[in-house]
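Here is a quick, friendly tour for someone meeting this structure for the first time. Keep the 3D view open and follow along.

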Amino acid sequence: MPDSLIMAGRSLRLSVRSPEALLTALLLPVMLMVVFVYLFGGAVDIGTSYVSYVVPGVLLLCAVTGASTTAVTVCQDMAGGIIDRFRSLDVPGVALLAGHVIASLLRNVVSTVLVGAVAFAIGFRPHASVAGFAAAFGVLLLFVAAVSWLAAAFGLLVSAPEAANSAMFFLMFFSYASSAFVPVRTMPWWLRGFARHQPATPVTETIRGLLLRQPGGLPLGTALLWCVGLLVVSVAVSALLFRRRTA
Amino acid sequence: MNENQQAVHEIARVAAVNEPPVGTGLAIEASGLVKSYRDVRVLGGVDLRVPDGSVFALLGPNGAGKTTIVRILSTLTRADAGLARVAGFDVVRDRHEVRRRISLTGQFAALDEVQTGAENLRMMGRLARLPRAAACQRAAGLLEQFDLTAAGRRRVGTYSGGMRRRLDLAASLVGRPSVIFLDEPSTGLDPQSRQGLWQVIEGLAASGVTIFLTTQYLEEADRLADRIAVLAAGRVVAEGTAAELKRRVAARRLDLTCPTQAALDQVSRYLGERVVYRDPLRLTAGVATDGSAAQVRALLDEIDPDRCLIAAFAVRDATLDDVFLTLTGQAKETAHA
């Protein structure tokens, strides 16, 4: 079994053993969805049911809260004695980080299912084919992998787990300043350029388009490019940071 | 690399992890290790030779550079200069080979608090390339060996300091290392836990592995180690068996308290480098002694023949500070000579 899978098993066990953190990561997106649908949703006029509009955005929030757990656990590992033990067992740094990212992916599968179930209960009705669901799920997982690895790099950069937790707020900002919760055209002009040209918008719109089988072209290519690009850069940067931290 | 060297390399590569390395009979060999962090020189040229199967203690105060040496030898940190071979392999070029043959137990427990003892050991076993069944078996065996079988089912977060240290040590052994590094193994333990840990380390030593430990305690080095190197300010200032070192450093100290500052100055001037302890507020200076009545009487007569410079005296056990003062003082003398 490769080291990364052993490390993923460890990360998952650590997640399950910290129920408070896990519950927060799972319930926060669900609560935010309820807030958006019932408190803000009434004021947002987008022509269709707001719950259907907002579900992809909430799934992005899941990815972001899940990724912040990755930042915190990576930071904790680097601060404690265990990193020396792993290194003296010749576990490559990339395997340790991959383990955290794989665990983040699996946590996100759970939170996605949870959000989907609650969304369905409050009126979300997707029209996608099986292939459409699979494609939307694939794009989402790729996005989760990218932000989780980015968060892992952030966890290597900061020295305190509390600081690592602030990764969530930076990443959340990207979700809010996108078409995830409100259409970009409703934003002030100076924010629109940013909102259109950052990863959260094409990813949300691709997932939304696939789930609701919307007419018109999907920004699938842009979404994939952003995710793959972010992933490649994050893996490279975290490898560098890991080497610097352990020098 | 010629064919011959390549063949030797290949033999070493396929050799089982717990087989002794091919070569010199030295488990650890370091020469001229230098390390600075920014502008601070932590190691100023350290040479070490540790024979296979022996217990070696690196004795020194906080900040002497002990942990840095352990980190260099266990491949975690690179020296700025110098060479080190562990288990027959270069710690930089062949670090992966070295890592398969060593273990490191640091000052901070390298364990997951929310995993049970057994889970921690199984995880380390899998990372040490054991198949699942073998890792389980090894974990159970180690828990029994370290008297943690019942605790193995509990999370490490519930363990006492001593249990944690034992589990940490057990975790370092899953891969059957031939060289074991222990960085201040007993720091922070209560006396009883320390005794227990010492017995564990003695058991390990008896099994034939090489143990390299660091400590601040003369007593610990004395009890466990075959050879001791004394490290002060990044240099080895003395090396030898405990008995050899004790011969160089008296185990007791004679404190001389003078009636006036002038008397203290006169005594200090007379003794020069022999002064191993100073307490100017109490007008006291200390010299090394074996504590025998004959030697104390002789010292008093020698230092104060007219019986007016010394008001009171006391014989105390030498502290580690005295040892360092004496040894670093001697080192200085040698350097001047």
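## A tryptophan to start with

With 21 C-beta neighbours inside 10 Å, Trp226(A) counts as buried. The cut-offs work like this: a residue is buried if 20 or more other C-beta atoms lie within 10 Å of its own, exposed if 12 or fewer, and partly exposed in between, with C-beta atoms placed from the backbone. You'll find Trp226(A) in helix 11 (residues 220-245) of chain A. Helices (H or I, at least four residues) and strands (E, at least two) are DSSP runs, numbered from the N terminus.

Leaving out residues up to four places away in sequence, Trp226(A) touches Pro199(A), Pro202(A) and Val203(A). Touching, or being in contact, means that the C-beta atoms of two residues, placed from the backbone, lie within 7 Å.

## How to read the model

This is a predicted model: local features need pLDDT of at least 70, side-chain atom pairs count only at pLDDT 80 or more, and totals for chains, interfaces and linings use all residues. Residues are numbered from 1 along each chain as its sequence is written, while chains are lettered from A and ligands numbered from 1 in the order in which they are written.

## Where the chains meet

The contact between the chains takes 18 residues from chain A and 24 residues from chain B. On the chain A side, the elements giving two or more residues are helix 1 (3-17) and helix 4 (82-88).

## Chain B in outline

Chain B has 12 helices and 14 strands, and of its 337 residues, 43% count as buried. Take its contacts between residues at least 6 apart in sequence: 69% of them join residues at least 24 apart. The domain assignment gives chain B domain 1 (3-246) and domain 2 (250-317), with bounds that come from an automatic or database domain assignment. The C-alpha centres of these two domains of chain B lie 42 Å apart.

## A six-stranded sheet

Chain B holds an open sheet of six strands in the order 6-7-8-3-9-10, with mixed pairing. Two strands pair if DSSP finds at least two bridges between them. Strand 6 (102-105) and strand 10 (235-240) of chain B are at the edges with a single partner strand each, so one side of each has no neighbour in the sheet.

Elsewhere in the sheet, strand 3 (residues 55-59) and strand 8 (residues 210-215) of chain B run parallel and pair over five bridges. In this pairing, Leu59(B) is opposite Thr215(B).

## Buried spots in chain B

Helix 2 (residues 66-73) of chain B has seven of its eight residues buried, so it is largely enclosed by the rest of the structure. Among the buried ones are Ile69(B), Val70(B) and Leu73(B). After helix 2 of chain B comes Thr75(B), with a positive phi near 70°.

Now look at Val86(B), in strand 4 (residues 81-86) of chain B. Val86(B) is buried, with 30 other C-beta atoms within 10 Å. Not counting residues up to four places away in sequence, its contacts include Leu73(B), Val91(B) and Val179(B). Val86(B) and Glu29(B) are 57 residues apart in sequence, but their C-alpha atoms are 6.5 Å apart in space.

## Two nonpolar cores

Which residues touch the most other members of the largest nonpolar core? In this core of 97 residues, they are Val54(A), Ala71(A), Val147(A) and Ala170(B). A nonpolar core is a set of buried Ala, Val, Leu, Ile, Met, Phe, Trp, Tyr and Cys residues joined through C-beta atoms within 7 Å. Helix 3 (residues 50-79) of chain A gives the largest share of this core, 18 residues.

A second, separate core has 52 residues, including Leu33(B), Val55(B), Val91(B) and Phe212(B).

## Two loop residues with positive phi

Most residues other than glycine have a negative phi. Asp90(A), however, has a positive phi near 65°, and lies in the loop between helix 4 and helix 5 (93-121) of chain A. Ala233(B) also has a positive phi, near 45°, and is in the loop between strand 9 (227-232) and strand 10 of chain B. Asp90(A) is partly exposed, with 19 other C-beta atoms within 10 Å; Ala233(B) is partly exposed, with 16.
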